[in-house]
Amino acid sequence: MYSNIALSIGGSDSGGGAGIQADLRTFMALKVHGCSVITCVTAQNSVQVKCVEPLKKDTLTSQIDTLFSDFDIKSLKTGMLLNDSIINATALKLKSFSIPKIIDPVMVSRTGSKLLEDSAINAYKKLLLPIADLVTPNIFEANLLSNLDIKNQVDIEQSAKSIIKLGAKAVLIKGGGLKDMKGRDFYLDVNGGKKWFINKFINTQNTHCSGCTLSAAICGYQALGFDLIESIQKSKIFIERSLKNSYQIGSGPGPLGHYQSL
Ligand SMILES: Nc1ncnc2c1ncn2[C@@H]1O[C@H](COP(=O)(O)OP(=O)(O)OP(=O)(O)O)[C@@H](O)[C@H]1O
Ligand SMILES: Cc1ncc(COP(=O)(O)O)c(N)n1
């Protein structure tokens, strides 16, 4: 138990909803040991992100070096990376690790605050997509990565093709930003493999951290040895159950109640 190790690289959410805190809860639910590399500290609750403070570059890279010098990390995911400098430093380090890398291109919080500077989108495209084994954008993020204005399922498939052309080995576009598409995500890989992954719609406002949880679950299942497709399949079940267990802790959307897998 807990002999498999996964790593999350992202921001701290002081409200305990999203970011590193959500990822560690997810890893724990899957009985995977979770390590964390913090990129930024956010002061955040269920209705706002009050401030964001990035860590110094050396503090960031030192966290990565320290972990990899001792632990046999089986998979990793990235979340909030905020700016060019963090993206550059992270990409440079990650290039040398041949473990599954899931890139969750977090750009804006559920409460509407920017978690990625506008100028950093090019760095995402140039440096992170080419080293991604899977990238998991929502509709807003897919629009920016593919320069499209997605309106329907056909556009989602078109956007996925553009993202693969940027170098990602696979992409999973979360359809929830479109009407009647919550729970429906489109997968495409570099070999032309494609599939709609679908879970039941859960009627809840408490969806803070659903994206972080999905990418962390995929990363966690990969740390346990499942291949990418199996990991996505299992993560969709995990998400549905965790959404059913979601709860409210403040006046805004609450977090998922991470489902304890057996
Ligand atoms: N109400 C819902 N019912 C069922 N599945 C949902 C619901 N909301 C989201 N999902 C699923 O949860 C996962 C995360 O999707 P979502 O669109 O919320 O990501 P996101 O916008 O990146 O989330 P966030 O930025 O809040 O962390 C996807 O697999 C999606 O299909
Ligand atoms: C540190 C951090 N990382 C990610 C999110 C995105 O989650 P959400 O879209 O639910 O606000 C967040 N709010 N904070």
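Author: The following dialogue takes up several features in turn. This is a predicted model, in which local features need pLDDT of at least 70, side-chain atom pairs count only at pLDDT 80 or more, and totals for chains, interfaces and linings use all residues. Residues are numbered from 1 along each chain as its sequence is written, while chains are lettered from A and ligands numbered from 1 in the order in which they are written.

Reader: Is strand β1 buried or exposed?

Author: Helices (H or I, at least four residues) and strands (E, at least two) are DSSP runs, numbered from the N terminus. A residue is buried if 20 or more other C-beta atoms lie within 10 Å of its own, exposed if 12 or fewer, and partly exposed in between, with C-beta atoms placed from the backbone. In β1 (residues 5-13), eight of the nine residues are buried, so the strand is largely enclosed by the rest of the structure.

Reader: Which strands pair with β1?

Author: Two strands pair if DSSP finds at least two bridges between them. Strand β2 (residues 33-44) runs parallel to β1 and is joined to it by nine bridges; Ser 12 stands opposite Val 41 there. Strand β4 (residues 73-78) is also parallel to β1, with five bridges, and Leu 7 faces Leu 76 in that pairing. β4 in turn has three bridges to the parallel strand β5 (residues 101-103), where Thr 78 has Ile 103 as its partner.

Reader: What hand has the unit made by β1, helix α1 and β2?

Author: A crossover is right-handed if, with the strands pointing away from the viewer, the path from the first strand over the helix to the second runs clockwise. β1, α1 (residues 19-29) and β2 form a right-handed β-α-β unit. A right-handed unit is also made by β4, helix α3 (residues 84-94) and β5.

Reader: Which residues come nearest to ligand 2?

Author: A residue is near a molecule if its C-beta atom, placed from the backbone, lies within 6 Å of it. Around ligand 2 there are 16 such residues, of which Gly 11, Ala 18, Gly 19, Ser 109 and Arg 110 come nearest. Two or more residues of this shell come from each of β1 and α7 (210-223), and β1 gives the most, with three.

Reader: Where is Gly 17 placed?

Author: Gly 17 lies in the loop between β1 and α1. Gly 17 is buried, because 25 other C-beta atoms lie within 10 Å.
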